[in-house]
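Let's walk through this model together, one piece at a time. Please have the structure open as you read.

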Amino acid sequence: MKLFWTLTRAQLRGLLSSVGNSNTRKTRPRSAWLMLGLLALLALYLSGTYSFALASVLGGTGNLDLVLELMPFVGAGFTVLLGAQSAGTFVFAGRDNDLLLALPIPRLTLALAKLAAVLLENLLFMLCMVLPAGLAYALATPTPAWLWPAEVLGAALLALVTTALSVALGLVITVVNNLRQGTTIVNVLGMLLLLGFVAGSLVGQVPLMKSLEADPAPVRAWIGTWTPPLTWVRDVAVDGSLPALALLVLATVVPFAGVAWLVGRSFVALVGQATAKRGGVRKVAVSSMRARTPFVALVRRESQRFFGSSIYFLNTGFGLAMLLLGAGYLIVIRELPAGFAEVARAARSAVRVRSSTSRPPSLSHWRPAESRPRSTPRRPASRWKGSASGSSRRPPCPPAPCSPPRWRSTWRSRPPSCSSWPSSVRSSPTPRPRTPPCSSSCRSRSCSSSPSWGSSRTSPGPT
Amino acid sequence: MLQISNFTKRYGDKVAVADLSLVVPAGRIVGFIGHNGAGKTTTLRAASGILDFSEGTIAIDGHDVRADPVGAKRVTAFLPDNPDLYEFMSGLDYLGFIADIYGIDAPRRRDLVARYAAAYGIEGDLGSSVGSYSHGMKQKLALVSAFIRTPRLLLLDEPFVGLDPIAAHTLKGHLRTLCDAGGAVLFSTHILEVAQALCDDIAIISHGRLVKSGPTAEVVGDSSLEEVFLELNAGGQPEASR
């Protein structure tokens, strides 16, 4: 057992150090904890938002307890996907595998230690998903005393089964990653599938909410049929059902133990198979070499890296890939999916509403001076500063004559575009009275020659 | 101490090592020599239990590597050519981790760590994280971690790469001490002068097959090890086997 804890501690530290995003290795552990905390907070926030939204919808139909099944379902999906990455990286393609396999450690202990690290990561995210759902449920209805222990136990047991699935998926990912030929295409397709799943889930929220509002029974029946452990979690948490607890333990512990035993039994073979480079040796002829200019050589190198690295490709070519995919889809299917159509309609109507108003969206609280109550202090002109790109969000002013802006004694030159200012203003370095740059009557007109406030160092603009 | 019998390793259709048989007796330093991709690392990794294989047997101190891997590894220390140590640990943490795995008690581990760390000149760096170490320092740390296990068999893959002359000299002394105490060493190297000067026995591997082995004096004869090696590999550099 001591050996197991020693190993698990090392694995966890390894997992954490890979999460950290620090450049220096000394600060990486701190950065890792910070990153993990931020991820957990994000998960809590998202889970809380969806839990309370679902609870408000389901509460109206008398199916509030369904939130205790739906959020673990989301959590299970995410932990399987996240855990698969960790399992691929740490269990089968771990950099420390050579070191550990050369040490006198029983293979089952080694496999369990590696799985334990993935399990703890999955447990953290599962708790972040399950606990806000419990809170949303508990705030809306009287709850039994065993709700919270049952929720925590449910999360732990569900983490076991998601870890087992993660490990199986991680093995596939590792094998695919080590395919020498066509790796990038397979990786990119895999990542696109994952992103498509996430996008589909986001788009599917609206129809799901509507169907839940109308009749949650089909959703409940679907979960009960295809993911019964989630129903058992609900049964344990709400009804305190002991048979459901027994079934839950059986359905989660047995797969985990099975996977741990299988991985432990053939860990060396699995690691060897998963990380072995496949594909034949590519025969090349030296005579095929050609001379190129340095520019072409650099472009070729970059393009090889671009198409050879799935991360690089996705980071930089994802938009183009989605554009092509979307175009291909529309050519073949000829209409948007229902969820996308709904989202697109909503987005279009939002754009229409915005374009019908003359104010920029960030200044929606702004009102013309005429409609402002007298007690409201006038917004100083300096609040509207031009952006870095030179576009100004200040209300439009006429091209001429312009009132000079409030002057700063430190100005060394006047703003470049207001050549029509009186010469007294142009020559005077002394502060001017607090005059707004434009009269209130001309705010609705555009002013092409308005100075770009705050965008010039020599003309820092009014304060 | 180490007995390899009819060991064969395949990567798909490619045969990396074919029907290799080699014995490393106790008290002997054996040099394992071959061109790049000849199968040296594959053999060492299989002997250390990292690599699975289906044909042949490998036994260490009477423990079959496949049937009793923990027993075999308990008396072995393997040092790969590019040791991948835990970079998030400090040097002392890493040595503590290894000592924990081998169940070395506190007074003994303190004594061993102090002795070997001083010998390789890294006692002042044990508090720093391994990630900040140079390649040579990592190599030294890996060597210290190997020696504190007091192994009976030491398997080393290119141990002199990255070591400064003082550390290389110290390592040679430690290898000889280990063998004098009844242990055995099998190490691969491309530095033929070192192999000829240090090794009691030489094994030359080419294209996955053992082409010559025996006491150094017999293998070398009247010429030098370099001449023997070049003669055995007169066909030129083959393709990499792995």
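B:His207 sits in the loop that links strand E9 (201–206) to strand E10 (209–215) of chain B. Helices (H or I, at least four residues) and strands (E, at least two) are DSSP runs, numbered from the N terminus. B:His207 has a positive phi of about 55 degrees, although it is not a glycine. Most residues other than glycine have a negative phi. B:His207 counts as partly exposed because it has 19 C-beta neighbours inside 10 Å; a residue is buried with 20 or more other C-beta atoms within 10 Å of its own, exposed with 12 or fewer, and partly exposed in between, with C-beta atoms placed from the backbone.

Before going further, a word on the source: this is a predicted model, in which local features need pLDDT of at least 70 and side-chain atom pairs count only at pLDDT 80 or more, while totals for chains, interfaces and linings use all residues. Residues are numbered from 1 along each chain as its sequence is written, and chains are lettered from A and ligands numbered from 1 in the order in which they are written.

B:Thr150 also has a positive phi, of about 40 degrees, and is not a glycine either. B:Thr150 lies in the loop between helix H5 (135–147) and E7 of chain B, and its 15 C-beta neighbours inside 10 Å make it partly exposed.

From that loop we can move on to the strands. Strand E7 (residues 153–157) of chain B pairs with E8(B) in the parallel sense over 5 bridges; two strands pair if DSSP finds at least two bridges between them. B:Leu156 has B:Phe187 as its bridge partner in E8(B). Between E7(B) and E8(B) the chain passes through helix H6 (residues 165–180) of chain B, giving a right-handed β-α-β crossover: with the strands pointing away from the viewer, the path from the first strand over the helix to the second runs clockwise. Strand E3 (residues 29–34) of chain B also runs parallel to E8(B), joined to it by 4 bridges, and B:Phe32 stands opposite B:Ser188.

Why is strand E8 (residues 184–188) of chain B largely enclosed by the rest of the structure? It is so because 5 of its 5 residues are buried. In a regular strand the side chains alternate between the two faces of the sheet. On E8(B), B:Ala184, B:Leu186 and B:Ser188 are buried on one side, and B:Val185 and B:Phe187 are buried on the other.

Leaving aside neighbours within four places in sequence, its contacts include B:Ile29, B:Leu154 and B:Leu175; two residues are in contact if their C-beta atoms, placed from the backbone, lie within 7 Å. B:Val185 is also among the residues with the most contacts inside the largest nonpolar core, which has 147 residues. Such a core is a set of buried Ala, Val, Leu, Ile, Met, Phe, Trp, Tyr and Cys residues joined through C-beta atoms within 7 Å. Helix H5 (residues 107–140) of chain A gives the most to this core, with 20 residues.

Finally, the two chains meet. The contact takes 26 residues from chain A and 23 residues from chain B. On the side of chain A that touches chain B, H1(A) provides the largest share, 6 residues. The predictor gives the complex an ipTM of 0.87 and a pTM of 0.68.
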